[in-house]
Amino acid sequence: MSPPATATLHLGATRVLTDPAFQRLLKGKRLGLVCHEASVDEHCRPIVDVVLARQQELGFRLTALFSPQHGFWGQDQDNMVETPHAVWKGVPLYSLYSETRRPTPAMLADVDAVLVDLQDIGTRIYTFIYTASHVMEAVAELGKEVIVLDRPNPIGGVSIQGTTLDPAYRSFVGLYPMPTRHGMTIGELAGWMNERHELNTGRRCRLHVVPMEGWDRRAYWHDLGLVFVMPSPNIPTADSAVTFPGFVYFEGTNVSEGRGTTRPLEQCGAPFIEPEALIAHLDREYPPWREGCCVRPTGFQPTFQKHAGKVCLGVFVHPLDRAQFNPVRTGLALLRGIAALHEDQFRWKQPPYDSETEKLPIDVIAGGPWVRDWAEGRHAWGELDEKERADAEAFAAERRDYLLY
């Protein structure tokens with residue numbers, strides 16, 4: 001069970017500005033700040049404004065801003081749309097989803113240390129942790145520092161679910177060998193990427209992590225008493241973050257994951273799907289598929305992306321018991337069911353998805369071909385549970401030394 005809501009949580013971004021033990025990390029330095037719209041404090045104030053207001057008092061200067069995928073305000077809807085550089089309140093604002101995914105030496109020329117304050121959503125297939133990794137790589141090469149300001153994992157820090165990425169399938173949506181749902185905070189992941197995996201470069205950076213105070217690993221966002229600010233355009237609610245680890249796989253198919261609707265990544269559909277038949281099929285073939293959630297038939301009409309302007313029928317998933325719900329299992333069961341029942345119309349997206357490879361998009365998303373093979377029926381239903389159990393146990397052992405809470 002999740003713990004009750006608490007009013008005692010203090011974010012890393014607050015502690016670095018108020019706790020003398022962490023203020024010393026800032027004093028006398030020229031600072032860069034990696035942030036986005038969801039980088040707010042416990043009172044919903046943008047961290048960039050709080051940092052600017054405290055710089056003279058605490059003896060540092062904010063000299064550069066950096067934004068991740070989707071932009072400083074989360075304004076860029078499409079995953080493939082890059083964001084231009086800009087200036088915000090007199091400070092250069094460099095996009096790290098532009099012609100470069102990592103800060104260049106020129107961008108870091110007037111910086112001694114980089115603060116990273118990004119709200120991750122707890123799933124491997126999400127780029128903010130890799131932006132942090134690229135920042136650490138760039139800083140390591142220049143002998144500077146990174147200070148990660150820790151934030152909650154909105155889907156908790158206990159459950160580990162899904163399959164582990166094969167390093168041969170590294171991409172910007174999966175750079176490290178972890179399961180789909182990793183159960184770590186961005187600060188914990190920073191330490192793990194830096195120490196355990198040497199940033200995939202054989203080099204470590206000078207890393208400081210400012211931990212939260214009062215966070216419980218069992219807590220979901222709903223338990224925290226904090227405002228949920230969208231970290232990206234298609235994660236509009238805290239429930240979206242809970243279901244995302246399952247519905248994200250549909251990005252590699254011709255089935256809509258709900259983009260172009262007000263509830264993306266909580267539903268899926270296509271003009272050819274018969275939802276009642278799909279639900280009945282999965283209830284027969286794989287009863288655990290909807291444990292901890294309510295699944296209902298739905299219909300929607302996307303305004304953009306897949307099947308724009310067409311009525312799509314499918315299912316909507318409502319998490320009920322978040323501790324019991326396995327979004328990866330639910331999402332992949334739906335994927336396999338749709339592929340089986342609609343083999344004449346269901347399709348995997350074809351390359352190019354990742355400009356660096358000719359791998360199928362689903363394999364890039366899933367971190368290898370195993371998920372696609374399973375969805376096409378080349379593995380028994382229960383083999384997903386067996387593989388997930390083995391991958392989760394191995395990762396739980398690997399991550400243990402890097403947990404902060």
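A polar contact is a pair of N or O atoms within 3.5 Å, of which, within protein, one must be able to donate a hydrogen and the other to accept it. In the predicted model described here, a pair of this kind is found at the start of helix α8, where Asn326 caps the N-terminal end of the helix, with a side-chain oxygen lying 3.1 Å from the backbone nitrogen of Val328. Helix α8 itself runs over residues 327–341 and has 15 residues. From its first C-alpha to its last, α8 reaches 21 Å, which is close to the 21 Å expected at 1.5 Å a residue. The helix is mostly covered, in that 13 of its 15 residues are buried.

The setting of this helix is the protein chain as a whole, which has 11 helices and 10 strands. The radius of gyration of the chain is 21 Å, close to the 22 Å that the globule rule gives for 405 residues, so the chain is as compact as a globular protein of that length. Along its principal axes, the C-alpha trace spans about 65 × 40 × 40 Å. Of the 405 residues, 60% count as buried, and the accessible surface of the chain comes to about 15400 Å², of which 51% belongs to carbon and sulfur atoms. Among contacts between residues at least 6 apart in sequence, 73% join residues at least 24 apart.

In soluble globular proteins, nonpolar side chains tend to be buried together. In this model, the largest nonpolar core has 97 residues, and Val116, Trp192, Tyr249, Leu334, Leu335 and Ile338 are those with the most contacts inside it. The helix that gives the most to this core is α4 (residues 128–142), with nine residues. A second, separate core of 26 residues includes Val16, Leu25, Val91 and Leu115.

Arg45 lies in the loop between β1 (30–34) and α3 (47–58). With a relative accessible area of 44%, Arg45 is classed as partly exposed, because this class covers values between the 20% under which a residue is buried and the 50% over which a residue is exposed. The side chains of Arg45 and Asp41 are joined by a polar contact of 2.7 Å. Not counting residues up to four places away in sequence, Arg45 touches Ser39, Val40 and Val50.

Definitions and conventions:
Residues are numbered from 1 along each chain as its sequence is written. This is a predicted model: local features need pLDDT of at least 70, side-chain atom pairs count only at pLDDT 80 or more; totals for chains, interfaces and linings use all residues. Side-chain values use heavy atoms; hydrogens and water are left out. Helices (H or I, at least four residues) and strands (E, at least two) are DSSP runs, numbered from the N terminus. Buried means under 20% relative accessible area, exposed over 50%, partly exposed in between (1.4 Å probe, protein chains only). Contact means heavy atoms within 4.5 Å. A nonpolar core is a set of buried Ala, Val, Leu, Ile, Met, Phe, Trp, Tyr and Cys residues joined through side-chain atoms within 4.5 Å. The expected span of a helix is 1.5 Å times one less than its number of residues. The radius of gyration is taken over C-alpha atoms; the globule rule is 2.2 Å times the number of residues to the power 0.38. Accessible areas come from the Shrake-Rupley method with a 1.4 Å probe; for residues, only the protein chains shown count as cover.
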